[in-house]
Amino acid sequence: MSTEANAVCAVCGSKYQICLSCKSTNRLTPWRSIADTADCYKIYMIIHDYTGHKISKEKARELLGTLTVPPRLQAHVKAVVNEIMESDQKNRERRPADPTTGETS
């Protein structure tokens, strides 16, 4: 078996080595064909469930809080993780409109 990196993690973008039998499995998708670590795979599944409306933002935030999130993430993954971790309070807070212009800040 070669030790050369032949896969890229769908979550963090790290290159890693996967065995060819895992890559060619037809009946199911082994987690190693998607992610380089168990935590990255769990992040993948949380994002999958959140974007598929199977779990709430609060549940996704709770689940992500139990994992080691890599410091570097794929751009599309980072956007969803940031959305999940963003406080709902922040979204609700808006400054009142300026009475002279009607604009909010």
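**View 1. The buried side of helix α4 and what covers it.** The cover over the buried residues of α4 includes helices α2 and α3, where contact stands for heavy atoms within 4.5 Å. This is a predicted model, in which local features need pLDDT of at least 70 and side-chain atom pairs count only at pLDDT 80 or more, while totals for chains, interfaces and linings use all residues. Residues are numbered from 1 along each chain as its sequence is written, and side-chain values use heavy atoms, with hydrogens and water left out. The buried residues of α4 are Val77, Val80, Val81 and Ile84, buried being under 20% relative accessible area, exposed over 50% and partly exposed in between, with a 1.4 Å probe and protein chains only. Around the axis they cover an arc of only 100°, which puts them on the same side of α4; the arc is that of the directions from the helix axis to the C-beta atoms.

**View 2. The overall order of elements.** Five helices and two strands make up the protein, both being DSSP runs numbered from the N terminus, with helices (H or I) of at least four residues and strands (E) of at least two. Read from the N terminus on, the elements run β-β-α-α-α-α-α. Of the 105 residues of the protein, 25% count as buried. Among the contacts with a separation of 6 or more, 45% are accounted for by residues 24 or more positions apart.

**View 3. Helix α2 against helix α4.** Helix α2 (residues 38-51) and helix α4 (residues 75-85) have axes that come within 11 Å and cross at roughly 70°; axes are lines fitted to C-alpha atoms, for helices over the stretch in contact, and angles run from 0 to 180 degrees between N-to-C directions. That makes α2 roughly perpendicular to α4, under a scheme in which angles under 35 degrees count as roughly parallel, over 145 as roughly antiparallel, 65 to 115 as roughly perpendicular and the rest as oblique. The crossing of α2 and α4 is left-handed, a term used if the near helix is turned anticlockwise from the far one by less than a right angle, with right-handed used if clockwise. From α2 the contact draws on Ile43, Ile47, Tyr50 and Thr51, and from α4 on Val77, Val80, Val81, Glu83 and Ile84. By class, the residues of this contact of α2 with α4 are seven nonpolar, one polar and one charged, where Ala, Val, Leu, Ile, Met, Phe, Trp, Tyr, Cys and Pro count as nonpolar, Asp, Glu, Lys and Arg as charged, and the others, Gly among them, as polar.

**View 4. Helix α2 alongside helix α3.** The axes of α2 and α3 are 10 Å apart, and the two helices pack at an angle of about 175°. The helices α2 and α3 are therefore roughly antiparallel to each other. Ile43, Ile46 and Tyr50 of α2 make the contact with Lys57, Ala60, Leu63 and Leu64 of α3, and the residues of this contact of α2 with α3 comprise six nonpolar, no polar and one charged. In the loop between α2 and α3 lies His53, whose phi is near 60°, a positive value in a residue other than glycine. At a relative accessibility of 73%, His53 counts as exposed.

**View 5. Helix α3 and its packing on helix α4.** Within helix α3 (residues 57-64), the residues Lys57, Ala60 and Leu64 are buried. Seen down the axis of α3, these buried residues fall within an arc of 65°, so they line one face of the helix. With their axes 8 Å apart, α3 and α4 pack at an angle of about 105°, and they are therefore roughly perpendicular to each other. Here Lys57, Ala60, Arg61 and Leu64 in α3 meet Val81, Glu83, Ile84 and Met85 in α4, and the residues of the contact of α3 with α4 divide into five nonpolar, no polar and three charged.

View 6. Cys9 sits in the loop between β1 (7-8) and β2 (15-16) and is buried, with a relative accessible area of 0%. Leaving aside neighbours within four places in sequence, Cys9 is in contact with Ser14, Tyr16, Ile34, Ala35, Asp36, Cys40 and Gln74. The C-alpha atoms of Cys9 and Tyr44, which are 35 residues apart along the chain, are separated by 9.8 Å. Lys78 has its place in helix α4 and is partly exposed, with a relative accessible area of 43%. Between the C-alpha atoms of Lys78 and Cys12, 66 residues apart along the chain, the separation is 8.9 Å.
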